[in-house]
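Work through the two exercises below with the model open beside you, and try each task before reading its solution.

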Amino acid sequence: MPVIYILNGPNLNLLGKRQPHIYGSKTLADVEVELQALAKELGFEIRFHQSNREYEIIDWVHEAREDGAAIVINPAAFTHTSVAILDALNTFEGPVIEIHISNVHKRESFRHHSFVSHRADGIVVGMGTDGYQLALRGAISKFNASRDSK
Ligand code: DQA
């Protein structure tokens, strides 16, 4: 089965407890369970990771270079700061979908710029934690389209 990496950045381990009026009440574990079920239904395997450390996210992108069909990434605050994550994603050949739970464009101006968007093939913003399922479906459809065109 093709493998899709789902990567989550800093503070997302606190999902469900952290500012629920912005990020909702589901935990990251709830999100993972939903994505595992959806991936299975669509015939894909997912590797779901979260880290508060930038280098771990970079290492998972490097791992995805070996066996990843696509990457879905919520880089959290690293979105707005990390050229290093952008550089790592630029070494990956498959589809990259960026996802943000909140609508970053409705928030503080420092959240309006994303380094990762320079690489992303698609972006899901402001759809709450349901956005992860939309992002996974988008990653799969882009992967299937590129496979079919080969
Ligand atoms: C976020 C938005 C970022 O600005 C913020 O730093 C996060 C989460 C989101 O999912 O809405 O930690 O990526």
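## Exercise 1: the nonpolar core

Ile 4, Ile 6, Leu 35, Ile 46, Val 72, Tyr 132 and Leu 136 touch the most other members of the largest nonpolar core, which has 27 residues. Such a core is a set of buried Ala, Val, Leu, Ile, Met, Phe, Trp, Tyr and Cys residues joined through side-chain atoms within 4.5 Å, where buried means under 20% relative accessible area (1.4 Å probe, protein chains only). This is a predicted model, in which local features need pLDDT of at least 70, side-chain atom pairs count only at pLDDT 80 or more, and totals for chains, interfaces and linings use all residues. Residues are numbered from 1 along each chain as its sequence is written, and side-chain values use heavy atoms, with hydrogens and water left out.

Task: find which residues Val 72 is in contact with, leaving aside its neighbours within four places in sequence.

Solution. Taking contact as heavy atoms within 4.5 Å, select around Val 72, which gives Ile 4, Tyr 5, Ile 6, Leu 7, Ile 97, Ile 99, Ala 135, Leu 136 and Ala 139. Then turn to the other core, which lies apart and has 17 residues, among them Tyr 5, Val 61, Ile 85 and Val 116.

## Exercise 2: the ligand

Task: find which side chains place an N or O atom 2.9 Å or 2.6 Å from an oxygen atom of the ligand.

Solution. For polar contacts (pairs of N or O atoms within 3.5 Å), the 2.9 Å distance belongs to the side chain of Arg 18, and the 2.6 Å distance to that of Ser 102. A polar backbone atom of Ala 77 is 3.3 Å from a ligand oxygen.

Definitions and conventions. Buried < 20%, exposed > 50% of the residue type's maximum accessible area, 1.4 Å probe, protein only. Polar contact = N/O pair within 3.5 Å; in protein donor to acceptor, adjacent residues only side chain to side chain.
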